[in-house]
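Hi there,

Here is the structure I promised to pass on to you. Please have a look at it first, and then read my notes below.

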Amino acid sequence: MTNTGNRSCFGIWGCWYRVGNSAGTSCVATGPGSCAAVTLVRNIRQSGRALLRARARTMLSASGMTVGIAATFMLFAMTAGAEKAFSDAIEAMGKNLLAVGSVFRESDALRGEAARVRTLTLADWQAIVTQAEGVVRAAPIAMGSFDVRYRDNSSSATVIGTSPDYRYSNVHQASIGRFIDEFDMQSRARVALVGSQIAKELFNGEQPIGERLLIGGAPYEVIGVLEEKGADAGGMPQDDKVLVPVTTAMRRLLNVDYVDRIFVQAESRAAIDVATGSVSSLLRERHALDETGQADDFTIRDQASLDRTLGRSGETMQRFLGGLSALLLTLASIGLLAVSLLSVRERHAEIGVRLAVGALPRQVMGQFLLEAAMIALVGAVGGLFAGWGGIILGKWLMDWQMQITGLNTLYSMLIPLGLALLAGAWPAMRAASLDPMYALRG
């Protein structure tokens, strides 16, 4: 048994350690686990003292890690916020939607004029509702841009002619008043629902229900105000619209016998492919395309394709932010490596003394790895606070969509610790491999 002050060790398996208090009491700890705990506590104290002796160097290294972790934390928050905003926008558009539209073709090759192929009709819409498989409901769309006026106030609005099912398929409810009903459709009534932005611009906070709104110079009774929805998944505003019955729009406003598109809602996400195939087959049969072998005179897009399109547009920004974050973390790791190497070089004498009195190389290596981890931990905590501050400023000044999650916070803590082990491994191994005599002479 060897006795060194307050600690006595029996080989490598047990140790007796004096706690030290006013009564001089002591505790006995036996077993490798107890010795490891005692060693860890002693190493933490020694590491803390070593880092405090070089405060400027420690804070400089930790500040580099702080910047890298703050950038990483904000990147995680921006990614999570963008995903949530995108998911909310998709949900706001409606679930399991298909957009069936016409295509453009050259109508007069000599003059070079292009016109929309007018193939989608109200009869097509009714056939989809009653005959297509996997379809819950469908809403026709006939739309155009018009000047809308109330007294001395005017605005430009997108006027959409549609059916009562539009509020369910496209999740566009009335916040006050009522929605279009079947009687409005059959009678081609001059009634309108206005978007929240149009209501603010024209009515200045007054109650619009029952008022007369001029659309294209003709009066329409306001029967409701649509809920505020903001921008859609593509960034287009949704609150500058005016809804009227599709039959009214086709006859009284647009003077057409076709619809621009038909929104079709499938029974479920799994039924989208079934609904797509059924709608395509039904329209080809109704338009006699199977008999002539012509290509489709309509297009069908589902939300899955929209997901992919918008997802690709967001990948570029994520790559840029991810590259910037990786660069900052790499620079922080290089700084931590340099500080660790310098620390080992300046403490050759201390390392030599520890090895000479019986410290194991793995204990010396653990000491320097612990110091690197403590620096990284200080940088991580500082980075989290700096990241939170950046998120708050981003939301306040730039109206950024950012979201903090527990998983993102955990990643932001684990990343610097992992980098600390990588950056501190080489200096720690150099310290552990020093020859005690050489170290003492140095």
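What follows is a tour of the contacts and local features in this structure.

First, some housekeeping. This is a predicted model, in which local features need pLDDT of at least 70 and side-chain atom pairs count only at pLDDT 80 or more, while totals for chains, interfaces and linings use all residues. Residues are numbered from 1 along each chain as its sequence is written, and side-chain values use heavy atoms, with hydrogens and water left out. Helices (H or I, at least four residues) and strands (E, at least two) are DSSP runs numbered from the N terminus.

**Salt bridges**

How many salt bridges does a search of the whole structure find? The search gives five, where a salt bridge is a side-chain nitrogen of Lys or Arg within 4 Å of a carboxyl oxygen of Asp or Glu.

One of them joins R286 and D124, with the closest N and O atoms 2.7 Å apart. D124 is buried, at 2% relative accessible area, whereas R286 is partly exposed at 40%.

Another salt bridge brings together the side chains of E206 and R151, at 3.9 Å from N to O. E206 sits in the loop between α6 (196-203) and β12 (212-215), and R151 in the loop between β8 (135-150) and β9 (153-162), so the pair ties together parts that are 55 residues apart in sequence. R151 is exposed, with a relative accessible area of 59%, and E206 is partly exposed at 43%.

R178 and D184 also meet through their side chains in a salt bridge, at 2.9 Å from N to O. D184 is buried at 3% relative accessibility, while R178 is partly exposed at 33%. A network of salt bridges links R178, D181 and D184.

**The α3 and α8 helices**

In general, two packed helices are described by the angle between their axes and the distance between the axes. For α3 and α8 the angle is about 135° and the axes are 10 Å apart. Here the axes are lines fitted to C-alpha atoms, for helices over the stretch in contact, and angles run from 0 to 180 degrees between N-to-C directions. α3 and α8 are therefore oblique to each other; angles under 35 degrees count as roughly parallel, over 145 as roughly antiparallel, 65 to 115 as roughly perpendicular and the rest as oblique.

**Aromatic pairs**

The structure holds three aromatic pairs. Rings of Phe, Tyr and Trp (its six-membered ring) pair if their centres lie within 6.5 Å; planes under 30 degrees apart count as stacked, over 60 as edge-to-face and the rest as tilted. The ring centres of F73 and W388 are 5.9 Å apart and their planes are at 80°, so this pair is edge-to-face. It links distant parts of the chain, with F73 in helix α2 (residues 55-93) and W388 in helix α12 (residues 361-398), 315 residues apart. F73 is buried at 1% relative accessibility, and W388 is partly exposed at 30%. Y150 and F203 form a tilted pair, 4.4 Å centre to centre with 40° between the planes. This pair also links distant parts of the chain, Y150 being in strand β8 and F203 in helix α6, 53 residues apart. Both Y150 and F203 are buried. Finally, F73, F385 and W388 form one aromatic cluster.

V171 is a residue other than glycine with a positive phi, near 50°, and lies in the loop between α4 (166-169) and β10 (174-177). R188 is not a glycine either, yet has a positive phi of about 50°; its place is in the loop between α5 (182-187) and β11 (191-194).

In helix α11 (residues 348-356), the buried residues are H348, I351, G352, R354 and L355. They cover an arc of only 165° around the axis (taken from the directions from the helix axis to the C-beta atoms), which puts them on the same side of α11. After α11 comes G358, with a positive phi near 115°.

Best wishes

Definitions and conventions. Buried means under 20% relative accessible area, exposed over 50%, partly exposed in between (1.4 Å probe, protein chains only).
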